[in-house]
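Subject: Structure handover

Hello,

Here is the structure I promised. Please load it before you read on; my notes follow below.

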Amino acid sequence: MSIVKELIKSGATSKDIITKTKSYCPLLWSHFHVSASGDVLPCCIGQWELPIGNINNQSFDEIWYGNDFKKLRRALVNDKKVPQCKTCYRKEDSSGFSLRHDAITKFHDGSKNMVLHTQEDGTSEDAKPIYLDIRFSNICNMSCRMCGHFSSSKWFSDAKELSEEHGIHDYTAGGDQPNQEAIIHGVEDSKQLLERLDEYLPYVQEIYFAGGEPLFMEEHYTLLNRMIELGLTDTHIRYSTNLSIMKYKRTRVVDVWKNFKNVYCAGSIDTYGARAENIRKETKWDVIEANMAMLRKEVPHVRIGIAPTIQIMNAYTVCELQQNWVEKGYIDKNNIFWNILQMPQYYNLQIMPFHMKEEVKQIWLDHIDWLGQTDGGPVHDTIKTTIAWMMDGGENEELLTELCKHSEKLDELRGEDTRSTFPELNYIWRKYWNDNTIYST
Ligand code: SF4
């Protein structure tokens, strides 16, 4: 019998499963993820170049019950590694934690019968998408520096320019043959897909909306209105949102959220003020602050946290924002989760000079103390994991030069001045930017 089935039969807890497995992940039985290109992946961090199918060329049933899903389920029920999930294996090697662990904690209980009834060849007739994450399109109102056209329609003109003028394709949807339209419909026929999923909605435990910007997407409202019609208002609704848009056409999002008991918004807010406006272009910092104040007043039952993308650009200041927002009562000390940026590599913390890593590490350790978090606390662990990740790697001249080059090109296109906005990164600017101007802190 497979090792995972044995563990389930022996009544192993999620914690035991995490300790005793190296690749099993319940998401392959219980999660349906469609990326902004229509590709179906094991989850949002599954290897994008190895899709399980594409929802625009195949039906949901062809993919969900098809051979590729079967192969993956067969491997994972036997705790064999698969190339589609290497991001998790790498994270576990570097930091001892991964999204796989989180998935086991949250979804193993709801998936274990599906796993148990999986046949030798990976067939799982019981598999049910109880956790949905469908990126209906790349529609977004921002163009964050670390993002690209694949995830943001707003990136289109910059990506086009970078591609045509400078031969840079890494921000461009479609790679060397850039997509010629700003909006990419991940799901071309969203009506049909939503109709097919309708039968599963009563079983759905969680819907995760991310972008593009989900609060700017028609399908998000269609799906939530359907959940309200069906009386499924206990379902956990979770977001990654930039918190900049609170109204779509005539609908105020807070009026929709008032129907749901369990809403969690993770604000993709990396830092504050001018730095935030530089990293996530089109941010108006006063609007973000006003939205936070409004949410706290109008929908106090909605849990709001922040999930910054931790990278070189916000490494020094992310904690200042979090302390300020805790003090203002916008967020709870425990509702903070750090997403570690891996790509583009030139923003990745691992390439920073060692002495800067040491400075950043001290700021973060002081932050843990300020938060009063101890070992095992959620924020303590997210920060400690990020420290372990950051320390795994050395100063990388090539990538730091790349960081400066990309910043310079984007500054030209956007009329911004990254060096003076981030004086804490002066050491990098002086050493790797091809110019000796000194910016004051
Ligand atoms: S193992 Fe990691 S990459 Fe694979 S499905 Fe689970 S969470 Fe996603």
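The ligand comes first. Helix α7 supplies the largest share of the shell around the ligand, with 3 residues. Bear in mind throughout that this is a predicted model.

In total, 13 residues surround the ligand. C25, P42, C43, C85 and C88 are the closest. Two elements give two or more residues to this shell: α6 (86-95) and α7 (99-116).

Strand β1 (residues 31-34) deserves a look. In a regular strand, side chains alternate between the two faces of the sheet. In β1, H31 and H33 point one way, while F32 and V34 point the other way. All four are buried.

β1 has these two pairings:
- With strand β4 (residues 131-134), β1 pairs in the parallel sense over 4 bridges. Here H31 stands opposite Y131.
- With strand β2 (residues 39-41), β1 pairs in the antiparallel sense over 2 bridges. Here H33 stands opposite L41.

β1 and β2 also form a hairpin, with 4 residues between them. In its turn, G38 has a positive phi of about 90 degrees.

Further along the sheet, strand β6 (residues 206-209) runs parallel to strand β7 (residues 236-241). These two strands are joined by 4 bridges. F209 has Y239 in β7 as its bridge partner.

Strand β10 (residues 263-267) includes G267. Is G267 buried or exposed? It is buried, because 24 other C-beta atoms lie within 10 Å and the cut-off for buried is 20 or more. Leaving aside residues up to four places away in sequence, G267 touches T241, L243, I304, I306 and A307. For a distance check, take G267 and S152. They are 115 residues apart in sequence, and their C-alpha atoms are 17 Å apart in space.

Now two helices. Helix α13 (residues 285-298) has 14 residues. From its first C-alpha to its last it reaches 20 Å, close to the 20 Å expected at 1.5 Å a residue. Which residues of α13 are buried? They are N291, M292 and L295. These three cover an arc of only 100 degrees around the axis, so they sit on the same side of α13. The cover over these buried residues includes β12 (303-306). On the face turned away from the buried side, α13 carries the exposed residues D286, A290, A293 and K297.

The other helix is α17 (residues 397-414), where S407 has its place. S407 counts as buried because it has 26 C-beta neighbours inside 10 Å. S407 and R419 are 12 residues apart along the chain, and 8.6 Å separates their C-alpha atoms.

If you only have a few minutes, start with these views:
1. The ligand shell, with C25, P42, C43, C85 and C88 closest to the ligand.
2. The β1 and β2 hairpin, with G38 in the turn.
3. Helix α13, with N291, M292 and L295 buried.

Best wishes

Conventions:
Residues are numbered from 1 along each chain as its sequence is written. This is a predicted model: local features need pLDDT of at least 70, side-chain atom pairs count only at pLDDT 80 or more; totals for chains, interfaces and linings use all residues. A residue is near a molecule or strand if its C-beta atom, placed from the backbone, lies within 6 Å of it. The expected span of a helix is 1.5 Å times one less than its number of residues. A residue is buried if 20 or more other C-beta atoms lie within 10 Å of its own, exposed if 12 or fewer, and partly exposed in between; C-beta atoms are placed from the backbone. The arc is that of the directions from the helix axis to the C-beta atoms. Two residues are in contact if their C-beta atoms, placed from the backbone, lie within 7 Å. Two strands pair if DSSP finds at least two bridges between them.
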